[in-house]
Amino acid sequence: MLKNRKVVLWSAFAVVASLGIFWNAVGEEPSKDKSEKSKAEQPAPPKRSQSEEKKVDERSTDADAKDEKSTDDESKKDSESASKSSSSTRKYNPLTRDEEHIILHKGTERPFTGEYTSKKEPGTYVCRRCNAPLYLAKDKFDSHCGWPSFDDEIKGAVRRSVDIDGERIEIVCKNCGGHLGHVFNGENLTKKNTRHCVNSLSMKFYAEGKTLPPVVK
Ligand SMILES: [Zn+2]
């Protein structure tokens with residue numbers, strides 16, 4: 001009898017225990033669901049990261065703006081150093097955005113797009129920023145490179161320096177420091193064996209006989 005009761009108790013315990021395991025298993029289900037759900041919900045954090053990206057974007061825009069500012073500062077320094085001998089109240093010609101990009105930030109206009117690339121009319125090309133005469137039309141030649149090309153400059157009008165790329169020779173207006181383009185030697189395109197490759201936007205053309213504007217010094 002006693003033995004039977006023990007068996008019954010044990011089997012009852014076993015039933016309870018297995019029920020407990022079952023309930024545990026069932027009880028775990030929701031938590032599994034939760035973990036799956038939380039996985040499924042993970043796209044939510046990207047929302048946050050998107051806003052973070054936005055912040056990063058804003059920051060990079062700020063950085064860009066700062067970069068631009070520093071380039072501005074550098075070109076200001078350039079022009080200041082070029083005008084050391086004169087007063088700092090020079091009033092250069094106002095520039096458009098495209099002209100600023102070329103003249104102040106040393107940009108390059110796309111080939112075959114400049115207004116003077118194939119111009120042959122006699123006259124004088126002056127600096128678009130300060131009106132200093134730079135090139136004469138008689139020294140212009142057809143190089144087919146896509147930019148106005150001269151094999152000589154007006155004496156003393158252009159300053160040469162090694163470009164930041166360390167290879168080419170950059171040319172700037174000696175009076176105001178405005179970027180003109182680059183000069184190349186040894187191409188055997190003309191007798192003078194020199195090609196001033198100049199952006200049209202860096203210059204202003206005055207046809208022969210027209211009065212040149214006063215140079216801003
Ligand atoms: Zn100039």
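Colleague: Which residues does Met-203 touch, not counting residues up to four places away in sequence?

Modeller: This is a predicted model: local features need pLDDT of at least 70, side-chain atom pairs count only at pLDDT 80 or more, and totals for chains, interfaces and linings use all residues. Residues are numbered from 1 along each chain as its sequence is written. Contact means C-beta atoms, placed from the backbone, within 7 Å. With residues up to four places away left out, Met-203 touches Tyr-116, Tyr-125, Val-126, Cys-127, Arg-128, Leu-134 and Val-198.

Colleague: What is the strand order in the open sheet of three strands?

Modeller: Two strands pair if DSSP finds at least two bridges between them. S1 and S2 pair over three bridges, antiparallel. The edges, pairing on one side only, are S2 and S9 (203–207). The order is S2-S1-S9.

Colleague: And which are the edge strands of the open sheet of six strands?

Modeller: That sheet runs S3-S4-S8-S7-S6-S5, with antiparallel pairing. Each edge strand pairs on one side only; the two are S3 (140–141) and S5 (158–162).

Colleague: Which residue in S7 is the bridge partner of Ile-169?

Modeller: S6 (residues 169–173) and S7 (residues 179–185) pair antiparallel over four bridges. Glu-170 stands opposite His-182 in S7. For Ile-169, the partner in S7 is Val-183.

Colleague: Where is Gly-177, and what phi does Gly-177 take?

Modeller: Gly-177 sits in the loop between S6 and S7. That hairpin has five residues between the strands, and Gly-177 has a positive phi near 80 degrees.

Colleague: Is Gly-177 buried or exposed?

Modeller: A residue is buried with 20 or more other C-beta atoms within 10 Å of its own, exposed with 12 or fewer, and partly exposed in between; C-beta atoms are placed from the backbone. Because Gly-177 has 22 C-beta neighbours inside 10 Å, this residue counts as buried.

Technical notes:
Two residues are in contact if their C-beta atoms, placed from the backbone, lie within 7 Å.
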